[in-house]
Amino acid sequence: YWPMLGCRYAFTKYIIRDPYYVGLKHFAQMFTNDTFFWQAFRNTLVLSIVKLILNTGAAVIISLLLNEITNMIFKKTVQTIIYLPHFMSWVVVASLFKMILSESQVTVMDPVTGQAVVDAAGNAVISSTGVVNALLLKFGLVSKPVSFLTSLSNWRPVYFIINIWKDTGWGTILFLATLSGISPDLYEAAQIDGANRMNRMRYITLPALANTIITVFILNLAKVMNLFESVFVLYNDTVRPKADVLQTYTYRQTFGSGTPSYGYTTAVGLFRSVVSCVLVLICNYASKKVRGRGIV
């Protein structure tokens, strides 16, 4: 608990030798004068909640599809493939997708002559270094490379897709465990009564998953404010209005400015911790109502 005493600096003008008390000045500034703080707060909620909904939904869908596979060798192979991205560092994932989605272009050079390749009109042939943009240009779907990670309109969808790719496989573990516990007798009885595969999924599988889905959603809802690494490695100054979250905002104010205000950034961090604590208590209450026991 000793490091928690650092929270007192949220109420001081921090100077290394002699921090002095300023009361609620930082909080007043945060709530009334700092538009970037509220922007980061909104982004944190939007990115976290949408990511939670999409990742949970994708994990449920993938679990249902995997549950329908009867060939065990193929099923285990697919499970292994979709689990692997979870164990990759976010730094590696960001580097990988920055290369795949790159919009930079290079002149195509003839490997024999070493000169630029030209088209029928005598213009140099330009190729995109990113795989996705290269394919889009090749098939004539776009006239110029698309800015996936440097466009305000594209950054969030790309961010959600990357998160789904990385975390969905791991999220299926709990749902597959629940599915494996459903009695085969229920499926056999439904099949005898004439229920097809879709009806068996609708009336047996999904109701059995309902409590697990609610539980996973509640448990993860408590962590919506803890968003940093996945955003930090993917965002840039161009997309900051849509990508900046509370933790990247605190990091930038502390280490990215010429004169950091440690007292102010401690106040921002304390506010985030209080909101996280309130969310945990709400989720604990909801968990007691749904599961009969709390999460803490």
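The model is predicted, so local features need pLDDT of at least 70, side-chain atom pairs count only at pLDDT 80 or more, and totals for chains, interfaces and linings use all residues. Residues are numbered from 1 along each chain as its sequence is written, and side-chain values use heavy atoms, with hydrogens and water left out. The protein chain has 296 residues, of which 35% count as buried; buried means under 20% relative accessible area, exposed means over 50%, and partly exposed lies in between (1.4 Å probe, protein chains only).

**Overall build**

- Twelve helices and four strands make up the list of elements in the protein chain; helices (H or I, at least four residues) and strands (E, at least two) are DSSP runs, numbered from the N terminus.
- Among contacts in the protein chain with a separation of 6 or more, 64% are between residues 24 or more positions apart, where contact means heavy atoms within 4.5 Å.
- The protein chain has an accessible surface of about 17,600 Å², and carbon and sulfur atoms hold 65% of this area. Accessible areas come from the Shrake-Rupley method with a 1.4 Å probe, and for residues only the protein chains shown count as cover.

**A look at helix H4**

- Trp90, Val93, Ala94 and Phe97 are the buried residues to look for in H4. They sit on the same side of H4, because they cover an arc of only 95 degrees around the axis; the arc is that of the directions from the helix axis to the C-beta atoms.
- The cover over the buried residues of H4 includes helix H6 (155-180) and helix H9 (229-232).
- Met99 also belongs to helix H4 (residues 90-100), but Met99 is exposed, with a relative accessible area of 56%.
- Although Met99 and Val132 are 33 residues apart along the chain, their C-alpha atoms are separated by 9.4 Å.

**Charged pairs**

- Side chains of opposite charge can pair when their charged atoms come close.
- The count is three salt bridges, each being a side-chain nitrogen of Lys or Arg within 4 Å of a carboxyl oxygen of Asp or Glu.
- Arg197 pairs with Glu68, with the closest N and O atoms 3.1 Å apart. Arg197 lies in helix H8 (residues 197-221) and Glu68 in the loop between helix H2 (35-67) and helix H3 (72-83), so this pair ties together parts that are 129 residues apart in sequence.
- Arg197 is partly exposed at 47% relative accessibility, and Glu68 is partly exposed at 25%.
- Arg240 and Asp237 form another salt bridge, their closest N and O atoms being 2.3 Å apart. Here Arg240 is partly exposed at 22%, while Asp237 is exposed at 59%.
- Arg252 meets Asp244 in a salt bridge at 2.9 Å, N to O, and both residues are buried.

**Cysteines**

- The disulfide count is zero; a disulfide is a pair of cysteine sulfur atoms within 2.5 Å.
- Cys283 is buried at 2% relative accessibility, whereas Cys277 is partly exposed at 44%.
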